Amino acid sequence: MMNKNDLEDILLVYEFNSFSKAADALNVTQPALSFKVKKIEKELGYKIFNRTNDITLTVEGELFFEYIKDIRLLDLNLRNKIDDLTNKVSGSLTIASANGFTTGFLPAYVSMYKKKYPDIKIRLIDDDIPSIERMCDEGKVDIFITATDYENKNIIKEKLYEEDLFICV
């Protein structure tokens with residue numbers, strides 16, 4: 001039966017798009033990792049990866065990863081709920097911005113948040129919108145702040161605030 005470590009190993013192959021690089025990150029040999037993934041695929045009854053010059057997902061593999069994202073989110077939610085029961089708030093929060101908010105707007109708020117929740121690791125990312133969108137789709141970003149009116153069916157959007165702009169002469 002597949003366990004959480006197996007899922008993480010498969011995710012690394014997907015993220016690195018390489019058995020060799022994933023094996024290096026896991027400190028195992030590439031043949032050992034390939035054998036493990038083949039064993040999991042046999043257990044599942046379908047292949048997750050097409051193994052050609054480039055590692056790509058099979059149709060079943062694409063569906064597999066959709067569910068893996070859900071499983072990881074459920075696991076995180078469960079951990080957060082249990083932490084809430086024990087009054088211990090910990091974890092990580094990744095905030096991305098494409099408009100410089102991470103350097104100008106956010107530091108004061110992050111500082112206040114860190115005082116209230118010292119066990120939360122906060123990571124700020126300043127990047128372009130296509131890169132942030134990809135990171136959001138991959139579950140690598142928790143919050144995305146932008147000044148542009150952004151549409152993506154997979155992202156819930158809320159207006160943070162409105163601001164007046166003045167020109168003074």
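Biologist: Is Thr94 buried or exposed?

Modeller: This is a predicted model, and in it Thr94 counts as buried, because its relative accessibility is 9% and the cut-off for buried is under 20%.

Biologist: Where is Thr94 found?

Modeller: Thr94 belongs to strand β3, which covers residues 91–97.

Biologist: And which residues is Thr94 in contact with, leaving aside its neighbours within four places in sequence?

Modeller: With those neighbours set aside, Thr94 touches Arg123, Ile125, Lys140, Val141, Asp142 and Ile143.

Biologist: Let us step back. How many helices and strands are there in the protein chain?

Modeller: The protein chain has seven helices and five strands. Along the sequence, their order is α-α-α-β-β-α-β-α-α-β-α-β.

Biologist: What share of the residues is buried?

Modeller: Of the 169 residues in the protein chain, 28% are buried.

Biologist: And what about contacts between residues at least 6 apart in sequence: what share join residues at least 24 apart?

Modeller: That share is 54% for the protein chain.

Biologist: Turning to the helices, how do α1 and α3 pack?

Modeller: Their axes are 11 Å apart, and the angle between α1 and α3 is about 115°. That angle makes α1 roughly perpendicular to α3. The crossing of α1 past α3 is left-handed.

Biologist: Which residues meet there?

Modeller: From α1, the residues are Asn5, Asp6, Asp9, Ile10 and Val13. They meet Leu33, Lys36, Val37 and Ile40 of α3.

Biologist: How do the residues of that contact divide into nonpolar, polar and charged?

Modeller: In the contact of α1 with α3, five residues are nonpolar, one is polar and three are charged.

Biologist: Now the loops. What is the phi of Asn17?

Modeller: Asn17 is not a glycine, yet its phi is positive, at about 55°. Most residues other than glycine have a negative phi. Asn17 sits in the loop between α1 (4–16) and α2 (19–26).

Biologist: What about the phi of Asn27?

Modeller: Asn27, also a residue other than glycine, has a positive phi near 60°. The loop between α2 and α3 (30–44) holds Asn27.

Biologist: How does the accessibility of these two come out?

Modeller: Asn17 has a relative accessible area of 39% and is therefore partly exposed. Asn27 counts as exposed because its relative accessibility is 72%, and exposed means over 50%.

Biologist: One more topic: how many aromatic pairs are there?

Modeller: The count comes to five aromatic pairs. One of them joins Phe64 and Phe65 in an edge-to-face arrangement, 5.5 Å centre to centre with 85° between the planes.

Biologist: Are Phe64 and Phe65 buried or exposed?

Modeller: Phe64 counts as buried at 8% relative accessibility, and Phe65 counts as buried at 5%.

Biologist: And how are the rings of Tyr113 and Tyr117 arranged?

Modeller: Tyr113 and Tyr117 form a tilted pair, with 4.9 Å centre to centre and 45° between the planes. Tyr113 is partly exposed, with a relative accessible area of 30%. Tyr117 is partly exposed at 22% relative accessibility.

Biologist: Which residues do ring pairs link into a cluster?

Modeller: The cluster linked by ring pairs consists of Tyr14, Phe19, Phe49, Phe64 and Phe65.

Methods:
Residues numbered from 1 in each chain as written. Predicted model: local features only at pLDDT ≥ 70, side-chain atom pairs only at ≥ 80, totals over all residues. Heavy atoms only, no water. Helix = DSSP H or I, 4+ residues; strand = E, 2+ residues; numbered from the N terminus. Buried < 20%, exposed > 50% of the residue type's maximum accessible area, 1.4 Å probe, protein only. Axes fitted to C-alpha atoms, helices over the stretch in contact; angles between N-to-C directions. Parallel < 35°, antiparallel > 145°, perpendicular 65-115°, else oblique. Left-handed = near helix turned anticlockwise from the far one by under 90°. Contact = heavy atoms within 4.5 Å. Nonpolar A, V, L, I, M, F, W, Y, C, P; charged D, E, K, R; others polar. Phe/Tyr/Trp six-rings, centres within 6.5 Å; stacked < 30°, edge-to-face > 60°.
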